[in-house]
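Thanks for coming, everyone. Please look at the sequence and the model as they come up.

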Amino acid sequence: MMMTKTHSSEKVPLWRKVLSGLAEAPPTGLLGLVVLFTYLFVIVFAPWLAPFGEATIVADAFAPWSAEHLLGTDSLGRDIYSRLIYAARNTVGITLMATLLAFVIGGALGMVAAVVGGWVDQVLSRLVDMLMAIPLLIFALLLLMIFGSSVTALILILGCLEATRVFRLTRAVAMNVAVMDYVEAARLRGEKMLWIIRREILPNILSPLFAEFGLRFCFIFLLVSSLSFLGLGLQPPTADWGAMVRENAMLITFGRVTPLLPAAAIAILTIAVNLVVDWFTHKASGLSK
Amino acid sequence: MNQLLMTVAKRLGLGLFTLLIISMVIFLAVEMLPGDIATEILGQMATPEAVAAIRQELGLDQPIVSRYFDWLSGLLTGDLGQSLATGQPVLELLDDRLINTLYLAGTAALISVPLALGLGVIAALYRNTLVDRAVSMFTLSAISMPEFFIAYVLILFISVQLGWIPSMSKVDADQSLLERLQLTILPAITLTFVTCAHMMRMTRAAIINLLSSPYIEMAYLKGLGPWRIIVHHTLPNAWAPIVNVIVMNLAYLITGVVVVEVVFVYPGLGQLMVDSVAKRDLPVVQAASMIFAATYILLNLIADVVSIVSNPRLLHPK
Amino acid sequence: MTDSKHLDQHARNGMLSRRGFMKSAAALGIVSATAGAFALPAFGSTPSPSPKRGGHFRLGLSRGSTTDSLDPARFSDVFMQSVGFAIYNYLTEVTPEGELIGELAESWEPAPDAARWAFKLRKGITFHNGKPLEAADVVATFNHHRGEKSQSAAKGIVDPIESIETDGTHTVIFNLKAANADFPAITSDYHMAIMPATDGKVDPNAGIGTGGYILEKLEPGVEAVVTRNPDYWKSGRAWFDKVSFLAITDAAARTNALRTGQIDAMDRVDLKTVNLLKMDPNLSINNVDSDQIYYFAMDTQAKPFNDNNVRLALKHAIDRQDIVDRVLKGYGRLANDQPIGASYLNYADLPQRQYDPDKARHYLKKAGYNSLSVDLSTSDAVFTGAVDAAVIYREHAAKAGIDINVKREPADGYWENVWMKRPWSMSYSSPRGTADWFFSQFFAEDANWNDTNWQNERFNTLLKAARAELDAGKRQEMYAEMQALVHNQGGWVAPAFSAYVSAATKAVGHGKIATNRDMDGNRIAERWWFEG
Amino acid sequence: MIDEKDETTNRPILEIRDLIISTEGRKATRQLVKSVSLSLAAGEVLGLIGESGAGKSTIGLAAMGYARDGMRISSGEVLFKGTDLLKLSERKRRQFRGKRIAYVAQSAAAAFNPAHKLIDQYTEAAVAHGVSDAATAENEAIELYRELGLPEPETFGQRYPHQVSGGQLQRAMVAASMACHPDILVFDEPTTALDVTTQIEVLTAIRRTIRNHHTAAIYITHDLAVVAQIADRIMVLRSGELVEEGKTEQLLEQPKQEYTRKLLSVRNLHKDDTGSGEVVLSVDSVSAEYKPGVPVLQDISVQVERGRTVALVGESGSGKSTLARVVTGLLPPVKGGIKLHNAPLTPTLKSREKDTLRRLQMIYQLPDTSLNPRQRVREIIGRPLQFYLGLKGQEMEQRLKELMAMTELEEYFLDRFPHELSGGQKQRVGIARALAAEPDLIICDEVTSALDQLVGEQILNLLLKLQKEIGMSYLFITHDLGTVDAIADEVVVMRKGKVVEQGRKTDVFSPPHKDYTQKLLNSVPEMDPQWLNKLLAEA
């Protein structure tokens, strides 16, 4: 393409960048992306996609697969296909919110600790060490018992607890950036801490944080389903994949496939998230070379 | 060497302080739970008089601060107190279960750590090839499965259909080590699935991270084979991050396996802790938390020591 | 040989309907009691096929906890109750047929009225520690649950006792605060395990009783092991050499353990998969009809439930059969908005209330509502599927223009913070031995667990009168009226009685399974055996 | 296999024919080495010289049949005694590497595995290739250590890499490369990372080794003066292509190509003394320390006049960069004070006024780490404009363009990210950023040492031009005496936190010198191939 080297022509429109990015994507990354978008589609349009309500009882219990009930019904006579779709919403929604919250809290504090250093860093780090010394599952259990296991409480508690893990990572990578000359230059310029964090540190640690996001997402999801196993996760009749696996888990030991469906939904999502994360981090590392 | 001792001493001091704070946090958290041991034991059958009587008997009517300090002074004299629910000394309640928990964690670690390291090394060696992708996919699928799901699937195949290993891992002190091992193997495999991916990914990443180091190129230029380069030249320098993640997973194996204990009916600390929280059995909760927290602190200390020992710069300063 | 045995024979031959049997047995009991003594034959039904002594019986139970205690005052669930019935005996026993017979008590009589009861103890019975059973042991046992400082969950049950005295070494006399014709039934409660006394006190954590098995070890939340008491005073009971009670919380784990032969029997079969389990040729599923009731308790003093029309509207707005089918998977039967089930002596066969949205609307109109929106608090802590039941109820009620807002409460602390605190919450109750017992605990004006805050003068008068009434016919009339009162005016919407569904391998034998409590009235260790 | 050493004295021991190396990737590949051929006779030392991107290291590695990640040898032959390494399997190729052809890397500190002892890293190749057993190899190592003048040769190998100084480590690496008695050594910039005084030791060691063992060598460097001391023949490379080839003396004396001449003619900048008498910065008896009781600076006094350049010279560890930290307020001094235009500066950064901060700007050594990779040039340069001067919109745009012009950068670079720029361009952006604040003084911390010679020279030119045009003052930190000569008005020679000598450049650089200054000056390599010989003879 012919392009004169003027200032305006240097600005490539976003869609074109996205397109060219996609063209270079490895097949695995593309596959992950396609899966993620499919999930996103399902999440957004759940009420339109699901033929029946999340908790509505529509037929006899354990109805077989049929045209009307694609994947049959569960023990209460709820449409499994519809519940799977709604569960996407709840599961991904809660896990995503909690993960984001963890990254907002842990990320912000981690960067502050790395940039400010000194006693602030000491206090925050010791606090996080301490919180991490309390077993996560037990601590979550305690807090959920105290505050009740509403969706909000679940997100807040998991977000805060997982934030400790994010803090550690963020602090470590932000430390590496904080010693860079351009950060020193900003300091010498007299920039405020927040500006340094926002403009100098954050853009440069996004890629490791992003990589962590994939794993953290998995862990938080697993935590939610462990909690629901112990009776403190999302409460019925709300559908979530972990609980759906749990509800029908007994069937596994009889070799039935129903519980495999939500489990597969989880596994596919996890793999897709990590494929995309791998692709992005790979891309980012190539960029810095 | 001196620095090592200093680090250990400093960490231990800090660890003790952390334990103190944690004991307060847990104490407070259990206090904040609705109800107490009296209402939980009596449940639906609670009458106000019986509740009051239990509270008085157990001293729950005392102010929280004085109860905390009673507990603390007991702890300092080595007395962990008695279970509020059963009146048994906490130490008695804990010791068998602690051994069980450690045994399970140990078995799981013996399987998963070498496996994760091996897979990580293989993935790093054949990075970006089909082998790497397959290992990565497999481990990712494994961690995306809830523990109980993996456990049930294992039980279905190995216990119900093949009948090789009992589905219930009820170990006790009278069993021989071998019997124990047989009973522990299924939960251990389940935990391997759960923990392996994290360690494997970190191993792979830590190794690949170092592969662009000049000394690795140097090793290639010395004409060394890929295995020797990975094992002899890369791994020793990758220990710090790998040990860190191993330690985190070991801590998880010790402190976070309630679900696996429930599914396999394994008498470990996790179930005890959850039951005790549910019944507000504070001395037991406290003791278990202290064990968990101390484990975590000690494991981290070990990780630091390994980092120092594996790094000649830290072990032999100029 | 005896009437009761005769009756049992009839029952097995199908000559008597279940209720017919109950009534006859009841009449027998009362006649015996009024006759002054309660002569006792063998213990309940004689086991049918061929009981065999020996074997190590492994029983997987759901509700074991690491906080379980040997103290009968703290028994709360099937695990410790079953252990309790293995190592302890009680003054009285409820037979599988629902008949109250003496266990450690040889006989009892009201003297001179129902406010004073004298129990004669059997002679020659010794505790596991060799101490002979005497009246003082019984007094100390009951005192363990009584008094200002009692920490017993059974405190409410023994509250009616004014004082206890002994008459010689083998007679105990209970002086009640008020007449109570059903008092002997109370002594069969699982808390009232008789323990040996030293200096007028029992050691509740010693685990020493007179029962068929001697406690070998209790590892709370893991297992309890008992071995056969070689000197057991009963014949034809306690067949096993050794019994292990295993705490297996997870239903799937329990099921797998049974299928793979690691245990011989289990409680609480998962209803979702029971049909699959039935296909296993080596297992038998025991579906035991019980009077364990699930209900929705409305606070009759709180708006809008203070209007009986609203209560009736809600009672008509639930499809009980649907609840039984979906939540209980058919393992249960319809309840009728009052707690007294068919196994009770004084059961009144009231017409079954039907699901009728139109009638519900009608009552709603009468109460002045066109539509109604109410909160219903629930949690799976109440029973497995409680939330499902509430959700299904919501669907039913919607058809009657009632919007039930299902509020899921934290499972933890449910009994403390939700039940009896919220205007409308879910609850369940195991059967009590008698109608009086149940009514006194849940519906009387001063009941500890009057979870509907129900104050009905006629009911309270009847309840007191019935206790003092020794005439069976009159008592039956009174209890029938009380049941109707609760049915029509009370605050319970009770959809179902659940069944006890347990499973065992075919190698295990048993007689008729008792319905009063789970696992053969908790007496599985004493009553079951391995087939030859 | 028969050893063919004797038979091949006349034939080249190594021949590279039409070597093409290109980038690896799914996108269009780029050629890094464009059909280069060379030959190396036994015992001969060939110098490969060129700037970064010339492909000299790539060729050096290709001589071992090795290409770095992301590169691919697309065609050509690498014949070692007639065997084409490129046609062998990887396993077979491995038998040559380290054994017949060994490699000495640029930074020994990075190329030695930090986890293993030096001796183990010596014996490793010998044992792996079956040349000798560990004990024999160890004895040989001790011999070589002794030969190379390493301290305590018997126990030297028991140390870990970090326990040894840079120069010693580089010599240890030379020793290690000899473990299998290779026929060819490939030296890849082996002295570049060293201080000048250390460079001489290593250079001497390398030369001695090659000569004593009659080993052929390829010596890669960007520094003509260095290669002149060691090479028999020199190839000048540029952008993957051969520019010129010739015997060392011949090439130095009669370069045929313009590019070679340019390389030869570096450091002929001219600097007029531009004193003005107006003191901008005055550092008065400053002492500083990182850890209490361990001084890193002792009693330093420096004055910078307006429009002048003061150069702080010293080897690593001399404290010259620490002084910059003290001046900027990053490290408060324990003693002494600093004045800017006669107004005392508060010791800590936090307590300084925005305007004070504006007046003192800094340019860093590594353009890669001094520019935020996630910010466009516009933001990097624009920020001080906005922050200090409150410029925005059209005004800002105008000023940005002016600054780009001043630093001789194209305007369209404003929308580029740093990684899209070359090293020199990046350094210009750094200068523009400093200028944007309209400072009174710019501290330049080794601003040219990470750049290629020619590029570095252009940067120095730019700094001089700016000084001339706007009367900028510089505090110039460097280890390179050539640079000092080119740019400074005054020189402060530092060593171990103390000032050794200080004064006008002309005074300091003309005899009589203080001992240390003398040593520094002597250590700067000269284009004379006999320079090292003379120096050694003198010593």
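Helices (H or I, at least four residues) and strands (E, at least two) are DSSP runs, numbered from the N terminus.

Some ground rules. This is a predicted model: local features need pLDDT of at least 70, side-chain atom pairs count only at pLDDT 80 or more, and totals for chains, interfaces and linings use all residues. Residues are numbered from 1 along each chain as its sequence is written, chains are lettered from A and ligands numbered from 1 in the order in which they are written, and side-chain values use heavy atoms, leaving out hydrogens and water.

Back to H4(C), residues 135–145. Of its 11 residues, 8 are buried, so the rest of the structure largely encloses it. Among them are Asp137(C), Phe142(C) and His145(C). Buried means under 20% relative accessible area, exposed over 50%, partly exposed in between (1.4 Å probe, protein chains only). Just after the helix, Gly147(C) has a positive phi of about 90°.

Next, strand E2(C), residues 56–61. It runs parallel to E13(C), residues 242–247, joined by 6 bridges. Pairing takes at least two DSSP bridges. Leu59(C) partners Phe245(C) in E13(C), and Ala265(C) in E14(C).

Last, cysteines. There are 0 disulfides over all chains; the cut-off is two cysteine sulfur atoms within 2.5 Å. Cys218(A) is buried, at 2% relative accessible area. Its closest cysteine sulfur, in Cys196(B), is 14 Å away, too far for a bond.
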